[in-house]
Amino acid sequence: KGLFIHVRAIRQRTIFEQDRARRSIVDHKEIIAALEARDTERAERLVREHTLKLREHVERHVDLA
């Protein structure tokens, strides 16, 4: 539960920054396409890349203190 709350808080703080919403939608559509194609390796890679891009954005632009 704590992780979900943390992720939701980060999303609310970052989704409107630097066109993140549009880029996030593109990422999620690609992940869904990989899942529908049952390409689990690609889906895993895309999820990891999406998560790391968000982490990088948060590290650069969000003051969590």
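Author: Start with helix 2 (residues 20–36) and helix 3 (residues 40–61): their axes come within 8 Å and cross at roughly 165°. Axes are lines fitted to C-alpha atoms over the stretch in contact, and angles run from 0 to 180 degrees between N-to-C directions. Helices are DSSP runs (H or I, at least four residues), numbered from the N terminus. This is a predicted model: local features need pLDDT of at least 70, side-chain atom pairs need 80 or more, and totals for chains, interfaces and linings use all residues. Residues are numbered from 1 along each chain as its sequence is written, and side-chain values use heavy atoms, without hydrogens and water.

Reader: Which residues of helix 2 meet helix 3?

Author: Arg20, Ser24, Asp27, His28, Glu30, Ile31, Ala34 and Leu35 do. Their partners in helix 3 include Leu46, His50 and Lys53. Contact means heavy atoms within 4.5 Å.

Reader: What makes Asp27 buried or exposed?

Author: Its relative accessible area is 13%. Buried means under 20%, exposed over 50%, partly exposed in between (1.4 Å probe, protein chains only). So Asp27 is buried. Asp27 touches His50 and Lys53, not counting residues up to four places away in sequence.

Reader: How do you know which label Ala21 gets?

Author: Ala21 also lies in helix 2. Its relative accessible area is 28%, so Ala21 is partly exposed. The C-alpha atoms of Ala21 and Arg11 are separated by 9.6 Å.

Terms used
Helices (H or I, at least four residues) and strands (E, at least two) are DSSP runs, numbered from the N terminus.
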